[in-house]
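These are my notes from going through the contacts between and within the chains. I set them down in the order in which I looked things up.

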Amino acid sequence: MRDVILMWKETRMVVLTAVTAAIYAATVMPLKVATIIPGFTEIRPGVAFVVFCSFLFGPAAAWGAAFGNLIADFFGTLGLGSIFGFAGNFLFGLIPYKAYRILAGEIRFSGSTRSWFGAISAILLASMTCGFTIGWGVDLLGFVPFHILGSVITINNAILAGIIVPVLLKILYERTRKWGLLYQEILQPEDTAPGLMPMPGLVLTAVGATGGLSLGFLTGFGFLTISVATPVLLLPFIACTVLGTILL
Amino acid sequence: MSICAVPVEHGMKAFIYNPENSPAHRLNPVTKIISLSVVFTVSMLFNHPLYLGCLIALVACLGTVSRSLPAMWKIKYLLLILFLFPTCLWSIYMDGTPVLLHWGPLQISSRGLNYGIAMGFRLTGMLMAGLILLATTRVEDFTAGLNRLGIPYRMSFSLTLAFRLVPLFYDTFQTVVQAQQSRGFILNTGNILQKIRRTLPVLIPVFVSGIRRTDQLAVALESKGFGYRRERTRLHPIRFSRSDRLLLSAAVLFLCVCIILRLTGQGKL
Amino acid sequence: MGIPEPSRNPAVALSGVGFQYPLAEQPALQDISLSIRAGEFVMIMGRTGSGKTTLVRTINRIVPRFTKGSFSGTVHLFGSDIRTRSVASLAGDVGMVFQDFESQLFSTSIQLDLAFGPENMAVPPDRIAKRMDRILTQFQLTGLRDRDPATLSGGQKQRLAIATIMMLDPPVIILDEPTTDLDPESRDMVYRMLGQLRDQGRTVILIDHSPDLIRQADRVVLMDRGRIVRDATPVELVRHPGQLNRCGIRMPQIQECLWKLGLEPALSEPAEAAETIRKSAQTPDPKRYEILVARERSPRTGDPVIEIRDLLFSYDRQPVLNGIDLVIHRGEFVTLAGQNGSGKTTLAKHFNGLLSPGSGTLLLGGIPVQKWKAAELAGTVGYVFQNPDHQIFRPTVREEVLFGPVNLGLDDREADARVAEALETVGLTGYDDRDPFMLTKGESQRLAVASILAMHPQILILDEPTTGLDHPDQIRMMDLLTRLNRRGHTVIMITHSMTLTAQFADRVIVMENGSILTDGPVRDVFGRIDILIKTGLKPPPVTRLGLEFDMVVRSVDEFVDLCRPGGTRNESVHLQS
């Protein structure tokens with residue numbers, strides 16, 4: 001997680017954060033394909049943009065996604081939910097490049113079979129973590145039951161990112177490299193070093209997100225009856241996810 | 001064009017800020033952020049519709065004093081939807097007795113309905129309080145407030161810069177849509193999968209135009225001394241006036257009263 | 001920092017400076033040595049890619065501190081070596097203004113933008129406030145203190161960008177094409193401001209493509225392929241048009257006329273130049289002028305293709321177009337001129353249905369535009385947007401051009417044929433598999449034209465197709481448009497360039513505040529100089545020279561022809577490279 005802090009000393013990363021956030025806010029909001037839950041979730045292809053930027057700009061995309069979501073809330077939906085939107089989007093931008101590096105065994109996206117495997121798995125994991133975090137937070141606040149928002153966000157993010165990110169990677173990755181804007185080229189190598197325990201971190205994140213989502217869906221959709229409030233029930237999984245991402 | 005959620009004539013300049021000179025505008029941003037957190041905390045303490053209803057009434061009074069009711073009125077439909085949605089959802093999802101309504105597999109209990117209304121109030125109350133902050137605080141003051149509360153300058157600056165860039169990139173977005181339309185392209189057609197793929201001719205140029213500005217922005221920033229010193233000065237330093245101290249004391253007092261109420265078992269369904 | 005006492009040390013001194021970008025094959029700068037005295041006004045000129053920007057960026061260490069690469073040589077500012085300094089630490093010594101004004105403003109109010117630099121340098125708030133009052137007055141921004149910069153016009157934004165630099169009071173100011181994106185009125189204002197800065201004793205270094213400016217400079221530095229090929233006073237410079245030409249720079253028009261008439265190309269105003277010409281007994285021949293004008297009068301217009309009656313359009317409840325009546329005929333070459341915000345682009349966007357009229361009628365080929373199908377419209381009226389970056393999204397040039405024909409539903413063979421044809425027309429044959437994102441500015445501009453041409457539109461609308469291009473690329477673009485026009489396309493070009501309008505268009509429509517101020521054949525409109533001046537547009541220098549002889553002249557060659565029927569001096573200089 002060091003890079004998430006250390007990146008701020010580079011002016012280019014400060015700007016990339018703002019640029020990611022602004023493009024996110026300026027394209028996500030107007031480009032709406034359909035509405036799923038009014039006011040909460042809509043099919044907005046722009047969200048795929050965050051994952052794509054993560055592969056390119058690394059930590060700047062994580063902050064950019066979080067800021068972009070906050071800016072969208074500044075159009076009138078600033079509330080306690082904004083905190084979970086911030087956290088969820090931050091993870092949505094953080095996990096792809098972190099997970100990719102472990103799964104593909106390389107920082108740079110090369111287009112090999114293994115790099116595609118790494119990228120697709122990273123997209124899935126990021127979508128689940130994002131859906132899990134926001135779903136949990138919004139249930140904790142009492143706005144929407146976990147299984148409804150959690151499932152919708154996860155599926156929505158995974159499908160949109162799965163369709164759009166590969167195309168964007170193919171067309172824009174190498175070009176962005178030529179423009180000298182990949183995070184690993186802007187930051188010093190020692191600043192982009194992986195966290196304390198990347199592999200265990202990845203496992204913890206994956207276990208937290210998949211376990212939490214499954215248990216939440218099982219109880220939420222009525223396959224399992226447990227007389228504990230959902231936010232409390234899922235708390236260990238959230239802790240697991242958070243710990244995992246810190247270790248990444 | 002049907003693709004724009006934000007009314008085109010307002011563009012992306014339609015942030016909520018309302019340039020007036022109400023007492024709330026003159027407060028410093030730290031005071032406002034802390035007071036907002038108090039409202040958020042209090043709305044989390046209770047889950048009884050009556051208590052949360054009172055909180056909404058209080059927020060509405062603050063809205064009047066701060067002249068931010070027009071901002072709330074602007075998004076009245078969104079607020080209404082956001083009130084109705086949790087209300088309906090929890091009414092259906094939560095079982096309990098007595099059952100008020102039966103409709104096929106769905107039933108609505110009085111406990112579910114009460115809880116749903118409470119949650120609706122909680123959500124809309126928070127958003128209304130948030131709107132007061134947005135309507136009375138400039139972006140720079142907000143980020144300066146965050147800065148004062150311990151967020152590093154470069155981080156809060158990046159957020160300010162992002163706010164500044166949104167209208168610019170929104171203009172780019174609109175131009176790109178028109179440029180592709182001029183090449184016979186129609187954005188919103190086909191089934192949902194095609195619709196999603198058809199955003200690419202727009203997303204790619206917007207992205208490229210945006211990141212091609214990155215170096216330009218970074219160079220311009222450093223040319224004006226960005227990052228030269230650790231400590232920088234501020235044209236309008238954040239000062240705590242008497243009204244700031246007054247409001248902060250009132251907010252803390254209010255929070256304490258609510259906590260005591262809650263500890264004595266009040267305001268819970 | 002302020003302006004230091006005059007000293008023996010030059011303000012800026014480069015010696016043996018070289019630089020190469022990491023992925024480049026050629027060095028961007030080679031063995032540059034340059035010394036600029038304090039208080040001098042130096043212009044740096046050269047074609048796109050000649051190294052001008054890289055050169056000035058070594059002066060505040062953007063190169064190589066920010067833009068990495070292999071750097072050699074030394075740079076001194078007022079005698080001290082800056083090799084250990086960071087870009088930010090030089091902010092008080094060297095101010096830099098860039099072409100893209102949007103990227104130089106970071107706040108949502110003018111006063112916060114002005115305070116940004118001094119805040120970074122930790123100037124106490126009361127001193128910032130005092131300095132700001134002075135700067136606001138000097139730059140005529142006093143009433144706008146709390147305005148959001150996003151709501152300003154382009155000219156105001158660039159003025160603000162210069163003001164934010166002046167808040168740091170730097171003794172050296174570098175401006176990198178500051179007026180490229182501005183309209184003529186704002187341009188003149190920026191140039192006037194440069195004069196003020198120089199009068200304050202500051203050292204001014206300006207990169208600009210406009211040769212008519214060089215009179216203002218003390219010295220002009222010519223660059224070509226990373227080297228300084230000439231460093232001379234403007235007077236010396238115009239004596240060697242060949243060298244200017246080789247560096248991709250147009251000769252200033254009046255000096256070109258004088259030179260072609262075999263006279264000393266002094267840096268004079270039209271009136272003085274006219275006097276010189278009279279003395280040399282080479283005054284333009286009124287009879288030849290009459291013949292020229294008479295030949296032009298012969299009608300060459302076809303059926304009406306665009307007919308507009310009483311068109312109104314409002315945006316955000318502000319009227320943008322009020323009552324436009326206009327007929328454009330098949331085969332015309334029309335330019336739309338006027339200041340930014342006068343409604344040119346809004347009007348042009350009605351022609352292909354991007355905007356719908358608030359009221360009034362717009363007939364396209366005799367049929368109301370609303371009744372056209374979107375695809376047919378795109379295949380009839382082509383609109384080339386100003387910035388090619390706003391449309392490029394495919395991995396190869398071929399696929400990029402193919403996008404339009406595919407959208408029109410053409411079959412593969414037909415579409416491929418059209419791509420090949422369009423690429424040939426714009427001179428990009430062989431570029432099929434090139435990367436459209438990595439073309440030069442001139443090439444991507446022509447790619448944008450090709451991607452529209454492939455749809456075979458009868459009418460071509462181009463929004464400022466020459467803005468930001470150097471002279472050789474501008475001429476290439478205008479030659480292309482002329483060829484297309486001769487082939488029968490109706491060409492409508494939005495432009496600020498009066499020089500290109502005079503030389504290439506048949507007809508000019510001047511707009512002001514959402515109305516058509518004047519509309520007619522180029523020669524008629526440029527003859528009514530009082531109306532043009534009112535809108536802040538100036539006829540090109542050669543036209544003003546012709547008016548001294550009561551003739552409306554459109555180009556240097558035309559003028560010289562009128563003066564010397566027998567041909568001109570040194571025909572080997574082709575300024576169209």
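Entry 1. I looked up Glu174(A) and found it partly exposed, with a relative accessible area of 31%. This is a predicted model, so the values here are computed from predicted coordinates. The side chain of Glu174(A) meets that of Arg108(A) in a salt bridge, 3.2 Å from N to O. I then checked where the two partners sit: Arg108(A) is in the loop between helix 5 (81–104) and helix 6 (113–141) of chain A, while Glu174(A) is in helix 7 of chain A. They are 66 residues apart, and the pair links distant parts of the chain. Arg108(A) is partly exposed too, with a relative accessible area of 38%.

Entry 2. I went on to chain C and to the pair Arg476(C) and Asp473(C), whose side chains form a salt bridge at 2.8 Å, N to O. Both residues belong to helix 17 (residues 471–486) of chain C. They are three residues apart, about one turn of the helix. Arg476(C) is partly exposed, at 39%.

Entry 3. My next pair was Arg523(C) and Glu558(C), with a salt bridge of 2.7 Å from N to O. Arg523(C) is in helix 19 (residues 522–527) of chain C, and Glu558(C) is in helix 22 (residues 556–563) of that chain. The pair links distant parts of the chain, 35 residues apart. I checked accessibility and found both Arg523(C) and Glu558(C) buried.

Entry 4. Arg37(C), Glu40(C), Arg219(C) and Asp231(C) are linked in a network. Over all chains, a search of the whole structure finds 36 salt bridges.

Entry 5. I turned to the interface of chain A and chain C. Six residues of chain A contact eight residues of chain C. The two chains bury about 740 Å² between them, and carbon and sulfur atoms give 66% of that area. For polar contacts between chain A and chain C, the count is three residue pairs. On the side of chain A that touches chain C, helix 7 (residues 146–178) of chain A gives the most, with four residues. I sorted that side by class and got three nonpolar, no polar and three charged residues.

Entry 6. The contact takes 67 residues from chain B and 66 residues from chain A. About 6,000 Å² is buried between these chains, 82% of it on carbon and sulfur atoms. The rule finds one salt bridge across this interface. Arg12(A) forms a salt bridge with Asp215(B), with the closest N and O atoms 2.7 Å apart. I counted polar contacts as well, and nine residue pairs came up. Several helices of chain B each supply at least two residues of the side that touches chain A, including helix 2 (29–45), helix 5 (76–93) and helix 6 (110–136). The largest share of that side, 13 residues, comes from helix 8 of chain B. By class, the side of chain B that touches chain A divides into 54 nonpolar, six polar and seven charged residues.

Entry 7. Last, I looked at the nonpolar cores. The largest has 268 residues, and Phe55(A), Phe57(A), Phe207(B) and Phe559(C) touch the most other members. Helix 8 (residues 153–181) of chain B brings the largest share of this core, 15 residues. What does Phe57(A) contact, leaving aside its neighbours within four places in sequence? In chain A I listed Met13(A), Leu16(A), Thr20(A), Thr176(A), Leu181(A) and Tyr183(A). From chain B, Phe207(B) and Ile211(B) are in contact with Phe57(A). Another core, of 52 residues, lies apart from the largest one, and its members include Met121(C), Val190(C), Leu197(C) and Ala217(C).

Definitions and conventions
Residues are numbered from 1 along each chain as its sequence is written. Chains are lettered from A and ligands numbered from 1 in the order in which they are written. This is a predicted model: local features need pLDDT of at least 70, side-chain atom pairs count only at pLDDT 80 or more; totals for chains, interfaces and linings use all residues. Side-chain values use heavy atoms; hydrogens and water are left out. Contact means heavy atoms within 4.5 Å. Buried area is the accessible area (1.4 Å probe) that two parts lose on being put together, summed over both. A polar contact is a pair of N or O atoms within 3.5 Å; within protein, one must be able to donate a hydrogen and the other to accept it, and residues adjacent in sequence count only if both atoms are side-chain atoms. Ala, Val, Leu, Ile, Met, Phe, Trp, Tyr, Cys and Pro count as nonpolar, Asp, Glu, Lys and Arg as charged, and the others, Gly among them, as polar. A nonpolar core is a set of buried Ala, Val, Leu, Ile, Met, Phe, Trp, Tyr and Cys residues joined through side-chain atoms within 4.5 Å. Buried means under 20% relative accessible area, exposed over 50%, partly exposed in between (1.4 Å probe, protein chains only). A salt bridge is a side-chain nitrogen of Lys or Arg within 4 Å of a carboxyl oxygen of Asp or Glu.
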